[in-house]
Amino acid sequence: MLLYILFAIGFVMLIKGADLLVDGSSSIAKRYGLPDMVVGLTIVSFGTSLPELIINILSSMQGQSELAIGNVFGSNVANLLLILGVTALICPLPIKRNTILTEIPFSLIATLLVGFLANATLIDNRTELYISRLDGGILLFFFLLFMVYIYNIAKTNKDEVLPHTDDMPLMPIGKSMVYIALGAIGLFLGGKWVVDGAVGMAQSLGLSESFIGLTVVAIGTSLPELVTSAMAAYRRNIDIAVGNVVGSNIFNLLWILGISALINPLPFDVVNNSDIIMMILASTMLILAMPFGKRNAIDRWNGIFFLATYFSYITYLVMRG
């Protein structure tokens, strides 16, 4: 029972720790005159991906590779189908031109790259699949290219204000540093309790770590994106929803998996190829939603279809065990 309680508390600490760290860092960045675009695309995106990052680093250090890979793959599918599905039910989601032409294709490329690297050893006729430290370096190189793209977007749109940053408080330096310190502590402790709880749950219930990572942990670490997108849609302040979800997926695949593989090579189970196929399918559905939605937007019918697909995927995972 204590394991489950710490698991639940860990999730709360992860999400609150990320919020505190983002608020403190954003306040310092704005105090020193960084544009809202830069703050939103770096610090805010970084903050919403922190729960996945902490869980994956701790999982890699403890040799729980199935949990690390399942967390990233499950979070990406949840971002595209669950979060965008729920948000579209609240309000139709317009899709920005940059997202259509650059971010969605880049996300697809990142997914295909991870799939290729994970299965590359099959070329040498070896049965053991893994994402090596070299593969991690390759993923981080492509992440660097994505950051260059963000920098160019920030320069091109200096005067654009991201809705994410409208409510960010400008705090005294001391208070900002306290927020950052408390956020970091919350992330570390919360991440450790979630990882330990997930491993314990998998063992006690006879489930694989991959299943726990793809479902419970993935949905839990996607809560910051879900709450942010749902509240933005409720307030009709929604032009960031799709771009931020797709950007978060790129962070997860290139940055988080890259760092995790550098810490410890990640053994890859061939069954996880079906999860990669699901990520590709979800991205394709996002692209196909545009011609069927009104005014290049994901409408409510698309949202219903996204949610139905996600729950079908969860059913498949349950059957897979």
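Phe-146 counts as buried, because its relative accessibility is 4%, where buried means under 20% relative accessible area, exposed over 50% and partly exposed in between, with a 1.4 Å probe and protein chains only. This is a predicted model, in which local features need pLDDT of at least 70 and side-chain atom pairs count only at pLDDT 80 or more, while totals for chains, interfaces and linings use all residues. Residues are numbered from 1 along each chain as its sequence is written, and side-chain values use heavy atoms, with hydrogens and water left out.

**Aromatic rings**

- The whole structure holds 11 aromatic pairs, a pair being rings of Phe, Tyr or Trp (its six-membered ring) with centres within 6.5 Å, called stacked if the planes are under 30 degrees apart, edge-to-face if over 60 and tilted for the rest.
- Phe-143 and Phe-251 form an edge-to-face pair, because their ring centres are 5.1 Å apart and their planes stand at 85°.
- This pair links distant parts of the chain, since Phe-143 lies in helix H5 (residues 133-156) and Phe-251 in helix H9 (residues 241-263), 108 residues apart; helices here are DSSP runs (H or I) of at least four residues, numbered from the N terminus.
- Phe-146 and Phe-251 are also edge-to-face, with centres 6.0 Å apart and planes at 90°, and this pair again joins H5 to H9, across 105 residues.
- Phe-251 is buried, with a relative accessible area of 3%, and Phe-143 is buried as well.
- Ring pairs link Phe-106, Phe-143, Phe-146, Tyr-149, Phe-251 and Trp-255 into a cluster.

**Helix H7 and helix H3**

- The axes of H3 (residues 65-90) and H7 (residues 209-221) come within 7 Å and cross at roughly 45°, where axes are lines fitted to C-alpha atoms over the stretch in contact and angles run from 0 to 180 degrees between N-to-C directions.
- That angle makes H3 oblique to H7, because angles under 35 degrees count as roughly parallel, over 145 as roughly antiparallel, 65 to 115 as roughly perpendicular and the rest as oblique.
- The contact (heavy atoms within 4.5 Å) involves residues including Phe-73 and Leu-82 of H3 and Leu-214 and Val-217 of H7.

**Helix H7 and helix H11**

- H7 also packs with H11 (residues 300-320), at an angle of about 145° and with the axes 9 Å apart.
- Among the residues that meet are Phe-211, Leu-214 and Ile-219 in H7 and Tyr-310, Tyr-313 and Leu-317 in H11.

Conventions
Helices (H or I, at least four residues) and strands (E, at least two) are DSSP runs, numbered from the N terminus.
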